[in-house]
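Please read the points below with the sequence and the model side by side. They go from the whole chain to single side chains.

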Amino acid sequence: PSVVRSLKALARRRRRSMEQEVREMLEACVSERRSMLDQIETGWARQTRRPTAVEIEGWIRAGRS
């Protein structure tokens, strides 16, 4: 219920229906995600070889420290 109220308030401020507001949010999210996936795929395509599972695990561990 609180999410619906928030969506209705946001839609009202933007002079849209709640359905239009939700569609805009979903389109923005999907578009952003598609763009990110395209960038990842482009990066993979430029690689001369795929990293090994051991390399990937090492990068993940390094990112966590």
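**Notes on the chain**

1. Buried residues make up 9% of the 65 residues in the chain, where buried means under 20% relative accessible area, exposed means over 50%, and partly exposed covers what lies in between, with a 1.4 Å probe and protein chains only. The model is predicted, and for this reason local features need pLDDT of at least 70 and side-chain atom pairs count only at pLDDT 80 or more, while totals for chains, interfaces and linings use all residues. Residues are numbered from 1 along each chain as its sequence is written, and side-chain values use heavy atoms, with hydrogens and water left out.

2. The chain holds three helices and zero strands, and its pattern along the sequence is α-α-α. Here helices (H or I, at least four residues) and strands (E, at least two) are DSSP runs, numbered from the N terminus.

3. The radius of gyration of the chain is 20 Å, whereas a compact globule of 65 residues would have a value near 11 Å. This radius is taken over C-alpha atoms, and the globule rule is 2.2 Å times the number of residues to the power 0.38. Along the principal axes, the C-alpha trace spans about 50 × 30 × 15 Å.

4. The accessible surface of the chain is about 6,100 Å², and 56% of it belongs to carbon and sulfur atoms; such areas come from the Shrake-Rupley method with a 1.4 Å probe, and for residues only the protein chains shown count as cover.

5. M36, L37, I40 and W44 make a nonpolar surface patch of about 350 Å². Patches are made of residues with over 30% relative accessible area and no salt bridge, with like charges joined within 9 Å and nonpolar side chains (Val, Leu, Ile, Met, Phe, Trp, Tyr) within 5 Å. Of these residues, L37 lies in helix α2, which covers residues 18-46, and L37 is partly exposed, with a relative accessible area of 34%.

6. R15 deserves a look, since the residue lies in the loop between α1 (2-13) and α2 and counts as exposed at 78% relative accessibility. The phi angle of R15 is near 55°, which is a positive value in a residue other than glycine.

7. The count of salt bridges comes to seven, where a salt bridge is a side-chain nitrogen of Lys or Arg within 4 Å of a carboxyl oxygen of Asp or Glu. Which side chain does R14 meet in a salt bridge? The partner of R14 is E21, at 2.7 Å from N to O, and E21 also meets R16 at 3.2 Å, N to O. E21 is buried, with a relative accessible area of 0%, while R14 is partly exposed at 44% and R16 is partly exposed at 29%. Salt bridges with shared partners join R14, R16, E21 and E24 into one network.

8. Within helix α2, R23 and E19 are four residues apart and are therefore separated by about one helical turn, and their side chains meet in a salt bridge of 2.5 Å, N to O. R34 is also placed in helix α2 and counts as partly exposed at 40% relative accessibility. Between R34 and E19, which are 15 residues apart along the chain, the C-alpha atoms are separated by 22 Å.
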